[in-house]
Amino acid sequence: MPSTTPSAEDPLFRKISSELTADRRLASLVGRLEVHRRLAEDRSALNQADGRLLWFLSDGRPRTLREIADGLNLEQSTVNRQVNAALSAGHLRRFAEQGRSARLIEPTEEGLAVYEAASARALGAYADGLAALGEESEKFLELLERFVGVYGEAVRE
């Protein structure tokens, strides 16, 4: 998979882009965004599953496997596999609490530190993109929020 995609400054991209219908241009841009997102994920200190687990558990409330599965809308077997991998990596810890039959899962200090650093890097890239829009960034976010809502409704029909 290539690590770069054509930029908007690339004359070939401008030509191709101007020849596309609006829906195809959007699909192309979303595809490019997905390539960039995967590149960022590949360069992250956390894989997607560990990042999702640490995000979910970053509120400081330990949870059982069932609570994690329900909260993330995943099969318990998937969560069990992902939690075991995150335990092995040192991102999570499992412990027993008196009066509870199920063991609880929570992030380790190391896991939270890795999560915070990875989140800061990802959010920094978003901030750079928004900064490039200048005063138009708020309007962009409003339009994107509206688009995502309508798109979500359309794909659920």
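Good morning. I begin with Arg93, which is partly exposed, with a relative accessible area of 37%. The model I am presenting is a predicted one. The side chain of Arg93 meets that of Glu106 in a salt bridge, with 2.6 Å from N to O. This pair links distant parts of the chain, since Arg93 lies in strand S1 and Glu106 in strand S2, 13 residues apart.

How many salt bridges are there under the rule applied here? The count comes to seven. Let me describe some of them.

Another of these pairs is Arg100 with Glu67, whose closest N and O atoms are 3.9 Å apart. Here too, distant parts of the chain are linked: Arg100 sits in the loop between strand S1, residues 92-95, and strand S2, residues 104-107, while Glu67 belongs to helix H4, residues 65-72. Arg100 is partly exposed, at a relative accessible area of 37%. Glu67 also counts as partly exposed, with 29% relative accessibility.

I turn now to helix H2. Within it, Arg38 forms a salt bridge with Glu34, and the closest N and O atoms are 3.4 Å apart. Why are Arg38 and Glu34 separated by about one helical turn? The reason is that they are four residues apart in helix H2. As for accessibility, Arg38 counts as partly exposed at 31%, and Glu34 is partly exposed with a relative accessible area of 29%. Salt bridges that share partners join Glu34, Arg37, Arg38 and Glu41 into one network.

Arg37 is among the residues that lie nearest the pocket's centre, together with Leu33, His36, Ala125 and Tyr126. The lining consists of 43 residues, and about 1900 Å³ of space lies in this pocket. By class, 28 of the lining residues are nonpolar, seven are polar and eight are charged.

Which helices each supply at least two residues of this lining? They are helix H2, residues 22-43; helix H3, residues 48-57; helix H6, residues 109-133; and helix H7, residues 137-156. The largest share, 15 residues, comes from H6.

H6 has 25 residues, and from its first C-alpha to its last it reaches 36 Å, close to the 36 Å expected at 1.5 Å a residue. Its buried residues are Gly111, Tyr115, Ala118 and Ser119. Against which helix do the buried residues of H6 pack? They pack against H3.

Also in helix H6 is Ala122. Is Ala122 buried or partly exposed? With buried meaning under 20% relative accessible area, Ala122 at 39% relative accessibility counts as partly exposed. The C-alpha atoms of Ala122 and Ala40 are separated by 7.3 Å, although the two residues are 82 apart along the chain. After H6 comes Gly134, whose phi is positive, near 60 degrees.

To close, I return to two points. Salt bridges with shared partners form one network of Glu34, Arg37, Arg38 and Glu41. Thank you.

Technical notes
Residues numbered from 1 in each chain as written. Predicted model: local features only at pLDDT ≥ 70, side-chain atom pairs only at ≥ 80, totals over all residues. Heavy atoms only, no water. 1 Å grid on protein atoms, 1.4 Å probe; cavity = no way out; pocket = protein on both sides within 12 Å on 5 of 7 lines; lining within 4 Å. Points joined across faces, edges and corners; volume = space filled by probe spheres on them. Nonpolar A, V, L, I, M, F, W, Y, C, P; charged D, E, K, R; others polar. Expected span 1.5 Å × (residues − 1). Buried < 20%, exposed > 50% of the residue type's maximum accessible area, 1.4 Å probe, protein only. Contact = heavy atoms within 4.5 Å. Salt bridge = Lys/Arg side-chain N within 4 Å of Asp/Glu carboxyl O.
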